Structures are given as structure tokens and as C-alpha cells.
Amino acid sequence: MKNLILPILSLSVINSYSAQKPNVIVILADDLGYGDVSAYGSQTIKTPNIDRLAKGGVSFSNGYATSATSTPSRYALLTGMYPWKNKNARILAGDAPLLIDTTQFTFPKMMKNAGYSTAAIGKWHLGMGNGKPDWNKTIKPGANEVGFDYSCLIAATVDRVPTVYIENGNVVGLDSKDPIYVNYVKNFEGEPTALSNPEILKMQWSHGHNNSIVNGIPRIGFVKGGKSAQWKDEDMANYFVEKVKRFLIKNKQHPFFLYYGLHEPHVPRVPYSDFVGKSGMGPRGDAILEADWCVGKLIENLEKLHLLKNTIIIFSSDNGPVLDDGYKDQAVELLGKHEPSGGLRGGKYSLYDAGTHVPFFFYWEGVVNSKKSNAIVSQLDIMPSLAKLLNLKIPSTLDGKEMLNTFLGKDEKGRHELILEASGRLALRKDNWIMIPPYQGPITNESGNELGNLKEFGLFNIKSDKKQRENVALKNQSKLIQMKKIFFSTTEGYYNPNTKEEKLK
Ligand code: NG6
Ligand code: CA
């Protein structure tokens with residue numbers, strides 16, 4: 001009953017009764033597209049658990065990640081700052097140093113200061129250590145130094161070494177007699193790679209992923225030793241579900257903030273056997289079903305612990321979808337009628353809308369009513385909005401905007417403007433318009449996704465032309481001029497038409 005009265009209590013009242021502070025969980029999927037959840041109407045995949053959050057809460061049809069790749073998106077969510085202002089906020093290698101400055105204001109620090117227990121579980125990809133860490137010692141600084149009391153993470157992505165779990169800075173299950181070494185430049189003598197030993201691969205690579213082989217899967221980067229600590233991709237979903245469960249049990253009497261980074265459906269897509277073949281779309285679809293199962297387990301555990309009614313759950317994805325992201329897993333061949341981007345143009349890596357326009361749901365059982373909202377919201381705005389709810393102070397310099405009532409479904413006022421980013425390239429969404437300035441560089445990358453590199457300014461009305469088929473810049477000069485003005489003043493010093501896709505590690 002308690003939480004039913006919450007909305008009518010004044011904010012100061014929420015604060016004086018710490019027992020009533022709502023728990024907060026942010027679930028961030030990896031490469032899940034706007035059309036990859038059935039909540040927005042897709043008939044080709046069924047995601048009932050994610051849909052439960054969508055249908056029981058506020059379902060945003062204009063929800064955005066800041067960026068079309070993982071590292072910058074996650075940086076923005078956790079700091080409230082546009083990631084393109086930090087030149088290092090690009091797809092990080094597995095041995096990259098911690099990207100967030102330990103003195104920086106962060107979402108977990110804010111929650112911790114408000115008395116919350118904080119945890120990051122799952123995908124990290126924000127670097128750890130001071131650069132090329134010794135993985136056999138405690139790796140610092142990392143998630144624990146930017147505000148998380150507890151962390152259990154994969155350092156980067158599922159396709160990058162080291163392929164080990166790292167709990168509070170320590171590699172889990174490491175045998176000191178078999179230390180682990182990582183190198184992103186050259187291989188360790190005698191260690192098999194996808195090029196030297198293709199016969200031991202259980203999954204083939206299509207581009208990029210031809211370095212060390214772990215669990216029969218070729219990865220990015222070279223690794224030696226640490227055999228006892230290597231994860232089994234098939235078991236990863238369950239591993240993190242259990243870690244989440246333990247965290248919930250431990251904190252059932254105490255307000256908590258959980259950042260839960262699902263690893264699906266990023267490549268390599270290697271779901272648990274229960275999901276294999278279940279989507280009819282091959283590993284990519286099966287991995288989405290597994291992600292949905294993880295969300296189901298989380299809800300089930302919250303219910304069992306009687307926590308669901310006092311927990312805000314925010315669900316989104318770090319960037320848009322991709323099919324062939326470097327492994328031959330038949331994502332293209334078995335797609336059928338499924339549209340991962342939900343009919344938007346582009347995908348991961350793209351300045352077109354599907355790069356950053358992602359699933360976005362705000363669920364708070366008993367407090368927030370079921371609603372579909374067309375308001376434009378960004379993951380940047382989550383932290384400032386929760387600050388408002390909890391009456392917490394945040395720096396005035398943040399790029400995130402307070403939109404509490406929009407998240408609570410009480411009004412439809414969203415952002416008017418949002419800068420979108422793809423590998424350092426920038427665009428502007430303003431109300432129903434998207435303006436993409438000219439960029440050199442290829443039309444597509446190896447994944448086949450269109451990058452949104454246009455020779456001239458592009459202007460699209462995404463209300464009337466959601467697929468961005470028609471560049472209406474010439475027809476709408478005054479709109480273009482207005483948008484250019486906003487774009488150049490917001491991004492002053494950051495627009496460079498020669499920005500190329502960096503050679504990725
Ligand atoms: C790219 C990888 C891709 C993926 C991406 C990061 C190649 C050819 N491609 O470099 O597979 O790992 O980085 O994805 O290596 S993200 O979602 O974490 O940003
Ligand atoms: Ca991603």
C-alpha cells in the first residue's frame with residue numbers, strides 16, 4: 001500500500017522516510033533494436049517479459065541512446081554528459097583505462113550519496129585500471145571507484161578479451177598457477193588464433209574477429225593463460241541473473257540502485273541451450289529471447305522478495321541493431337520478415353535514426369500507469385529526473401534534462417533538441433526533424449549498416465517519413481537554417497566533416 005500514496009506525498013516526505021525510497025534498476029540491453037521487442041508491435045518476435053515493463057509503464061516511442069555504439073552511450077547514461085565532448089568516449093578495447101574520471105559526478109555516486117546500495121552487473125565497456133592492467137591483481141580504478149559499491153562485470157564486450165568475469169576488480173576463478181595476460185597488439189607465442197587454427201572454431205568470423213580463440217569462438221585481442229577463469233558464453237545469462245538475485249536478496253531491506261547490462265544480442269550470440277532454435281531466426285533471435293528471459297527472472301525475483309512494488313525499472317538499449325557484426329551466425333539469412341530497426345533507417349554505427357532510437361520503458365508498479373508517450377527522451381535524462389524525484393542536487397552543467405513528469409507519464413513534454421552521435425559524427429534531432437550535416441566516409445561499413453555519411457546536409461521529417469527516405473533540405477531552407485544554427489551552437493568545436501570510423505579494436 002505504501003507506494004500507492006507515494007505520488008501524493010511531497011518530495012521532502014519521500015526523503016524523510018528512507019524506507020519508502022524506491023529502488024531503481026536500469027536495464028541496458030546491448031544492440032537491441034527498436035523493432036526487436038514485441039512491445040512496439042512486432043509480430044515476428046515475442047518478448048513477453050520486456051513487454052510487461054512496456055505495457056505496465058510508460059512506453060516511449062521516441063526514446064534515445066545518445067550514441068550508436070556502446071561505450072559513449074553508457075558513458076552518457078552514467079554521467080549525464082554528451083559523450084562526444086570526451087574524445088576518448090569511443091568503442092573501447094578490452095584493456096582500455098577507465099573512461100570516467102573518478103572525480104566526475106556520476107549516477108551511481110548520486111544514488112550512493114542518497115543512501116542507496118549501488119551495483120553494476122553485466123556489461124561494462126567503460127574501461128578499467130589506468131591502461132593495460134595486470135589482470136592478476138585487483139584492477140583499479142573501475143566501477144567501484146565511480147560510485148558502485150558492488151560490481152560484477154565483463155570488462156568490455158563479449159567479443160573482446162579478456163573473456164572473464166571481474167568482481168569488484170578481481171578476475172573470478174583465476175588460478176595463480178596460470179596467470180592471465182592480455183595484449184591488443186600482438187599475439188603470445190604459440191597461442192592459437194582464428195587464422196592459425198581455424199579447425200578448432202565452433203563459430204566462424206566474417207570480419208574483424210580473428211584473434212585469440214576462447215570457448216571455440218574467435219575474439220578481438222590476444223589472451224594467454226587464465227584458463228580456469230574463462231567464461232562459458234552459454235552460461236553468461238544465468239551467471240548474471242544469479243548475481244543480480246544475490247544483490248536483491250542482500251538489499252531487500254535497503255534502497256538500491258542496480259545498473260544491469262545485458263550482453264544480448266551483441267556478437268558472438270551464444271545463448272543457453274534452452275533458447276537455441278526457439279526464435280526461428282538463428283542465434284540473434286535466440287539471444288533476444290534469452291535477454292527477455294533475464295528480464296523475466298529479474299521481475300520474478302523482485303516479486304518473490306516483495307520488492308516489485310517499490311522498484312522503478314527502466315529498460316533500454318545502448319544502441320541500435322546490427323545483423324552481421326563480424327560472425328557468420330546467419331543473422332541475415334534467417335531474418336525472415338523481422339525488422340530489427342522497427343522500420344527506421346540505419347542501425348548500429350549509423351547517424352540515421354535507428355542508430356540511437358531504441359526501446360525505452362519506465363515502469364513503476366502501482367505508481368506509474370500504463371501509457372504510450374511520444375515525448376522525446378534521452379538516456380541522458382534519466383539521472384536528472386531521478387534527482388528530482390529524490391530531491392538530490394546535480395551539477396548545473398549536465399547535458400541531461402530533468403523530465404520527471406514525462407517519465408512518470410504525467411505529461412508529454414519531452415526534449416525539443418537532442419544531439420545524436422555515431423563514432424564521433426553528430427546530428428541533430430529537433431522535434432519531428434533530423435538534420436545530418438555532411439560527412440566524408442563510406443555509405444556503409446562491413447556490417448552492411450548505412451552510416452549516414454551524406455555529401456550535403458540532410459533534413460528529414462521523421463513524423464511523415466519515419467524511414468528517412470527523402471532528404472527535404474532543399475525544400476525546407478528555413479528549417480534547415482534554423483537547425484544548422486542550433487546544431488553548430490550546441491556542438492561548437494566538435495563538428496568535423498572528416499571524422500572517419502576509427503579503426504576499431
Ligand atoms: C566493432 C566490432 C563489433 C563490435 C563493436 C562494438 C569488428 C569488425 N567489429 O569493432 O563486432 O564489437 O566493435 O560494439 O571488430 S558495441 O556495441 O560494444 O559498441
Ligand atoms: Ca552495443
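Good morning. The chain has a mean pLDDT of 95, and 95% of its residues reach 70 or more; pLDDT is the predictor's confidence in each residue, from 0 to 100. Residues 1-18 fall below 50, and this stretch makes 21 contacts in the model beyond near neighbours in sequence, a contact being heavy atoms within 4.5 Å. Where pLDDT is low, the predicted coordinates should not be read in detail.

A word on conventions. This is a predicted model, in which local features need pLDDT of at least 70 and side-chain atom pairs count only at pLDDT 80 or more, while totals for chains, interfaces and linings use all residues. Residues are numbered from 1 along each chain as its sequence is written, chains are lettered from A and ligands numbered from 1 in the order in which they are written, and side-chain values use heavy atoms, with hydrogens and water left out.

I turn to the domains. The assignment, with bounds from an automatic or database source, gives domain 1 (10-407) and domain 2 (417-490). Their centres, taken over C-alpha atoms, are separated by 27 Å.

How many residues of domain 1 are in contact with domain 2? There are 34, and they meet 30 residues of domain 2. The area buried between the two domains is about 2800 Å², with carbon and sulfur atoms giving 55% of that area; buried area is the accessible area (1.4 Å probe) that two parts lose on being put together, summed over both.

Between the domains, 15 residue pairs are in polar contact, both residues at pLDDT 80 or more. A polar contact is a pair of N or O atoms within 3.5 Å; within protein, one must be able to donate a hydrogen and the other to accept it, and residues adjacent in sequence count only if both atoms are side-chain atoms. On the side of domain 1 that touches domain 2, the elements giving two or more residues are β2 (58-64) and β14 (371-378). Helices (H or I, at least four residues) and strands (E, at least two) are DSSP runs, numbered from the N terminus.

Next, the salt bridges, each a side-chain nitrogen of Lys or Arg within 4 Å of a carboxyl oxygen of Asp or Glu. The structure holds 28. Between domain 1 and domain 2 the count is 1: R345 and E450 meet at 2.8 Å, N to O. Elsewhere, E365 pairs with R52, their closest N and O atoms being 3.8 Å apart. This pair links distant parts of the chain, with E365 in the loop between β13 (360-364) and β14 and R52 in helix α3 (residues 48-56), 313 residues apart.

Finally, the backbone. A cis peptide bond joins V161 and P162, with omega about 0°; P162 lies in the loop between β4 (150-154) and β5 (165-167). Another cis peptide bond joins E264 and P265, with omega about -10°, and P265 is found in the loop between β11 (256-261) and α7 (283-304).
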